[in-house]
Amino acid sequence: MSLGDLQNLTLLAVARLGPGAYAREIRRVLADVAGREVSVSTVFVTLTRLEDQGLLTSSRGTPPERGGRATRIFALTEAAWQALREARAASELMWEGLESG
Amino acid sequence: MTEGGGAQGLGPLRDLLLAWLPEDDWSREFVTELEHEYERRAERLGGRPGGGWRARAWHLARLASPRTLHFIWLMRRRARRAHHREAVMRGRSADRAGVWLGGFLQDVRQTLRGLRREPRFAVFVVLTLALGLGANSAMYGVADRLFLSGPPEVRAPEELVRLYLRLPNGVAGQGRTAAWIPYRTALAIQEGGGGFTGVTLYRYDERLSRAGDAVRTLRVSAVDGRYFGVLGPVPAAGRFFGGDPTRIEGSPAVISHELWLDAFGGRPGAVGEAIELAGETFTVVGVAPEGFSGPHVERVDAWVPLVVERAGNRNWQTLARLPPGRPHDAALAAATAEADAIHHRTDPGRSFQWAVPGTIIAAPVSADDEGTTSAEASVARLLLAVMGLVLLIAAANVVNLLLARMTRRHGEVVVRLALGIGRRRLARLLLTESVSLALLGGLASVPVAWVAGRVLRGVLLPQVAWSASPLDLRLLAMTGVAAVAVGVVVGLLPARQAGRTELTSGLAAERIGGGRGRGRSQAFLAVAQVTLSAALLMCAGLFLRSFWTMRMTDLGVEGDAWAVTLRSLDDDRFAPGSDGELDGYQRALSAARSLDGFQRSSLSVGLPFLYTFGWGVFLPGRDSIPELPGGGPFVSAVSGGYFEALGTPVLRGNPITDEHVVGQERVMVVGETMARSLWPRVDAMGQCVRLGGADQPCFTVIGVVGDAHRFGYREPPSMQLYVPRGMQGNRFSGMTMVVRPDGAGTGSLDRLRSAIRTAVPEADMVEVFRIRSLLEPEIRPWRLGAVVLGVAAGLALLVSVIGVYGVVSYLVAQRRREIGVRIALGASARAIRVLVLRSGTLSGALGVGAGVALVLAASRWIEPLLYETAVSDVLVIAGVAGTLVGAALLACLLPARQAARVDPVTCLRGQG
């Protein structure tokens, strides 16, 4: 399965966040790490579609911050890992011989 | 979501969003995130001027963004799939439709139970809708026949066009469009073909026919051999004649289905029998299909072939078929070229009779003789729009009734919600109710439409050949569709209101009327009803005034002046200008004058609205005479007593007498306009006028009479003159007798008729008709408009009075406590009454203002339909305002009395 750019980044964000992967944090990581400012709706659409595609699973959980409300915590499926690896391999193949330094 | 305090002001949109999202935690989290985002934004912008508004605008844009909608859609799809999975697990997926239908039937049963509980409400709603829908169906049926669908039994009527000759110089230099085309010109167009697939010539006349013992007048259409081929009807029996356009063997006749039933008893053997028309014998070769009346809406009894030898000096109506895709303009240009060529080939000295140069133009078959939309069709179009308004008013009234019922059923709705009925299901139940009511209304509208259709047809449009029944399957189907649409529309508002009912406050409140919102929509609907009624009343008033103005026009012909014509089956017996004619009419005149009360009788060649002749006028010492917009000079050759019999006033000098006729004196009486325009500074009396040429002998003017209209109600002034009968020589002919009985009823006219039949036994028919009745076709559209609009406005008035009554009583019920407190504090009964009356009068006044403004805004479309009446007619506006405000006051009287009778003690105790 080939991934869109935002889907790729979102899956990576979930992977980085581990057990703390809930919507608000995912959005923050996208902004802080990848430099991608995206709207709430966009994040929710992407997460929903990834879940529908079987790349994410979700469960109800409590975020680590104090007083936080119950939210949906996301985790990668095996298929997601597979897709991420394929995307990375494809990307690296394309980069081969291009690096000047 | 109550925690989003910062999101105040976004309530409705956020609620809408929530309403769309399925109820699960992921959706809730989405909304929370949106609000969180908004709060952060608001905090950041908080310090700046206008920051709050900017944050709000930003948030609104986010809420309405495509991404947000995408998310909603995704979540709804998810919910649907989950629901479906669940259904499959339970093994019921296959009969989702069955479940739905079961629920629907349950709703219908519940509706019927509810309506039985409130029969008065049900009957009222059904009746209101029946009137609204029925009036629409009836009017639609009429409009359909007049201009919507083409003539019945005609193949592809949209391809047919009527051809007209546009003459460059009509009366007073203005161009004129004529439906009547000289034979040679029409023939040239037919032979040239142009781009048309078929061109046919036809005309109408009335011929006497003997069927059994009775002699009747039949409307006969003389047609060429292409007629039936171009129109394409299928004979009900026998065959049609035709083929070669100019040569038709024998004397075949095709009779109408009606005549076949009426005169031949519907016998199949009628084909092959003879029929006598104006002394000629024809063989019936075929029967036209039922409803067929040729290209026009007026009844036709029989069709006979045109006789080429007699066709030449007559004008013909021309109809052409132009298949789709063929260029209109090219075909017309070809026809114009043909017409032009024939004009140039014709001997110029005789050209006027044989061919006329001009442009050939086309109009739809439904157009009138001037090539414009007929007055009937224009009025029918307006009436169709008006019926739409009536339905709208009826619907508004039903909405009001449903809302009022919702108020009564508030408790029931709350309990249902508490027991777990879904809001969607509740809305469906309410919609089922309103659609069922509307369908019942549609059913009840069928007899209404039938009766209204009969009245419209028979009384107001008698000249049109109608198909058998005012209702057909198509009309019934349309009524059904309209009923369902009305049901859905009127159910929407109550369903929305029910969906908004708050469960907790609803259960807590002992009696809540549904809040201010519902009262507001009711008041708005009431004002809307009054507005539409005011618009209708005003249209009705304007039409009534047009009709009245028309009726009151001084025609120079009294309403009780009658014309008598002698007719015989043998065309030659009373042929115009013959001795037989003069002899017969003279005997008829003596017979009339010897009767009591018929002294005011006279003979005339040339009569207003029937026959009009022109004669060139030359004045000694002048090159020309002024041309008037009304044309002329028009001349009648009359016996003594003519002006008295017609009711035309003699203004100066003397009228023409029998002595002038006997002595064949060269005297003349002129109309007022002629006297004024020919001799503006000198007296017309004694002047010399030469007729027909400057070398002709003088006629001496002996009197001046009032102008008489020659053609109809709407005509500009024209020059008119009268000479003693016989002085016209053989320039024009065609005699009529005119009588004006002394205060007599129709019974004495029968006396006159039988006296004339005795005196002139060779007349097969003595026709006696009111001269003004010849103008019936002209006045008919206005009468149609005035009557139908009057009835519609009356209905609308009634419905809106009930609407205002409903709203005001509702408001009184709402304000019961306030009124109780006022009374307890010492308000007089009168003050309370004024309080209530004021609210009703206010909605009345608002509605009148809006309605009048509506009509004034539409004056561009309405004014052309009126006769010498301005849309801003003060009398009409004042009448409408007075009627409606009075009606609104009347509607408030009962609630006002109830309000004044409120007992403060009960009222205040109820509050505690």
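Of the 101 residues in chain A, 34% are buried. The model is predicted. Chain A contains four helices and two strands. Along the sequence, these elements follow the order α-α-α-β-β-α. Contacts in chain A with a separation of 6 or more were also examined: 50% of them join residues 24 or more positions apart.

Helix α1 of chain A covers residues 5-17. The expected span is 1.5 Å times one less than the number of residues.

The buried residues of α1(A) are Q7(A), L9(A), T10(A), L11(A), L12(A), A13(A) and V14(A). These buried residues pack against the helices α2, α3 and α4 (78-95) of chain A. They also pack against the strands β1 (56-61) and β2 of chain A. After α1(A) comes G18(A). The phi of G18(A) is positive, near 60 degrees.

Chain A also touches chain B. In this interface, 13 residues of chain A are in contact with 14 residues of chain B. Three elements of chain A each give two or more residues to the side that touches chain B: α2 (23-32), α3 (40-52) and β2 (71-76). The largest share comes from α3(A), which gives seven residues. By residue type, the side of chain A that touches chain B divides into four nonpolar, five polar and four charged residues.

Chain B has 912 residues, and 40% of them count as buried. Its elements are 29 helices and 24 strands. Among contacts in chain B with a separation of 6 or more, 81% join residues 24 or more positions apart.

One residue of chain B gives an example of such a separation in sequence. F124(B) lies in helix α6 of chain B, which covers residues 119-148. F124(B) and L401(B) are 277 residues apart in sequence. In space, their C-alpha atoms are 9.1 Å apart. F124(B) has 15 other C-beta atoms within 10 Å, so it is partly exposed. The buried class needs 20 or more such atoms, and the exposed class 12 or fewer.

Conventions:
Residues are numbered from 1 along each chain as its sequence is written. Chains are lettered from A and ligands numbered from 1 in the order in which they are written. This is a predicted model: local features need pLDDT of at least 70, side-chain atom pairs count only at pLDDT 80 or more; totals for chains, interfaces and linings use all residues. Two residues are in contact if their C-beta atoms, placed from the backbone, lie within 7 Å. Ala, Val, Leu, Ile, Met, Phe, Trp, Tyr, Cys and Pro count as nonpolar, Asp, Glu, Lys and Arg as charged, and the others, Gly among them, as polar.
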